[in-house]
Amino acid sequence: MRFGSLLSKDLREKYKRKTVRPREGDSVRIVRGEFKGIEGKVTKVLPRDGTLNVEGVTKEKMKGGTSPVPIHSSNVVLTSLILTDTTRKNKVEAAV
């Protein structure tokens with residue numbers, strides 16, 4: 001499944017792109033839904049569902065404990081990218 005998340009305004013100007021596929025470790029800000037306004041790092045990407053888990057975004061289970069809440073990738077804005085992977089770095093910086 002193809003999916004991506006919008007880049008923040010400064011990253012959009014820097015990389016001349018509107019969207020990038022999120023990865024674990026990227027920082028995001030949730031812009032829609034129940035958890036709007038929360039910022040955190042991506043802890044898990046679920047490409048089959050087009051969702052990702054963000055640290056600190058959890059819900060309580062009926063029997064106790066907590067569970068991460070999957071957030072759709074279109075409902076977040078990427079605020080910083082991890083570019084340690086050269087393939088990703090080349091792909092993101094290709095349009096610059």
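**A walk through the fold and Ser 8**

From the N terminus on, the elements of the protein run β-α-β-β-β-β-β-β-α. This is a predicted model, where local features need pLDDT of at least 70 and side-chain atom pairs count only at pLDDT 80 or more, while totals for chains, interfaces and linings use all residues. Residues are numbered from 1 along each chain as its sequence is written, and side-chain values use heavy atoms, leaving out hydrogens and water.

Biologist: Happy to start simply: how many helices and strands does the protein have?

Modeller: Both kinds are DSSP runs, numbered from the N terminus: helices are H or I with at least four residues, strands are E with at least two. On that basis the protein has 2 helices and 7 strands.

Biologist: Thanks! Is Ser 8 buried or exposed?

Modeller: Ser 8 sits in the loop between β1 (5-7) and α1 (9-15). Buried means under 20% relative accessible area, exposed over 50%, and partly exposed in between, using a 1.4 Å probe and protein chains only. Ser 8 has 10% relative accessibility, so this residue counts as buried.

Biologist: And which residues does Ser 8 touch, not counting residues up to four places away in sequence?

Modeller: A contact means heavy atoms within 4.5 Å. With those sequence neighbours set aside, Ser 8 touches Val 77, Leu 78 and Thr 79.
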